[in-house]
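Look at the structure below and follow the text through it, one region at a time.

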Amino acid sequence: MWNENIIRMLFEGTYTTVYMTLTSSLGGYLLGLPLGIVLAVTSNKGIAPNKIIYKILDFIINITRSIPFLILLILLIPFTRFVVGKSFGPTATIVPLIIAAAPFIARLVESALLQVEKGVIEAAQSMGAGVFAIIRKVLLIEARVPLIDGATITVGTILGYSAMAGVVGGGGLGDIAIRYGYHRYQMDIMLVTVILLIVLVQIFQNIGFLISRKIDRKKV
C-alpha cells in the first residue's frame, strides 16, 4: 500500500493542512484582533468603558464560541457556498475556520491587552494621548508578548479544527485520516497522519515561542 501515490497524497495533505491553518489564522486575526481591541477598550477595566457595546460583543462571542466546530461547519454550509461557490474542499473550509477562530482570538486579545499595567496607560493619558494613540502606541506594543503567545495557541487550535473538517470532505490530513483510517480501516495511514499533525503543531508552537522569547528579551 505504501506506494508513490500514497506518499504524494500525504505530502499534498500536509501542504493543504498548512495552507488552511495559516490562511484561516490570518483571516481570523483580521476579524478577531479588532473585536478583541474593542472588548478590551470598552470593558469596565478599559480606557473607554461602554457597557452597551461590551455586552453586545460579549454576547455574540460567547454564543459563537459555544457552538462546537463540526456543528458550526454544517450550519455555515449555505454561507460558505455563497462566499466561495462550494461547500467542500480546503478553500471552502477556510470560511467556517475563520468564523470559529475570530471569537477565540478576540478573547485572547482582550486578555492580553487588559494585562498592560495601568501605570503605563495613565502616563500616556497624562501626556494627552487619545484612545487610538494609546491602542497603537501603548496597548499593542506593551502586550506584544502575550499577543504572540496567543497567536501560537490559535494556530494550534485552528490546526485541530482543520483536521475535524475532514469529516465533511474538508481536505488535508484530517480528510485522509477519515477516508483511510475510518472508512477503509487502514490504521497505518491514519497513524502517519496523526504523527504529521503532531509534528506540525510542534513546529508552529516552537516558532511562536521562539519569537515570543526574543521579543521578551528585547523588552528587558
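Helices are DSSP runs (H or I) of at least four residues, numbered from the N terminus. The model is predicted, with local features needing pLDDT of at least 70, side-chain atom pairs counting only at pLDDT 80 or more, and totals for chains, interfaces and linings using all residues. Residues are numbered from 1 along each chain as its sequence is written, and side-chain values use heavy atoms, without hydrogens and water.

Start with Ile203, which sits in helix α10 (residues 187–219). Ile203 counts as partly exposed because its relative accessible area is 42%, between the limits of under 20% for buried and over 50% for exposed (1.4 Å probe, protein chains only). Tyr15 belongs to helix α1 (residues 4–42), and its 62% makes Tyr15 exposed. The C-alpha atoms of Tyr15 and Gly172 are 7.5 Å apart, although 157 residues separate them along the chain.

Now turn to the pockets. A pocket is an open set of points on a 1 Å grid over the protein atoms alone, where a 1.4 Å probe fits, with protein on both sides within 12 Å along at least five of seven lines; lining residues have an atom within 4 Å of a point. A volume is the space filled by probe spheres set on the points, which are joined across faces, edges and corners.

The largest pocket holds about 230 Å³. It has 13 lining residues, and Lys45, Gly46, Ile47, Lys118 and Ile121 are the closest to its centre. The second largest pocket has about 170 Å³. Its lining includes Leu22, Tyr29, Phe204 and Ile207, and α1, α8 (144–164) and α10 each give at least two residues to it.
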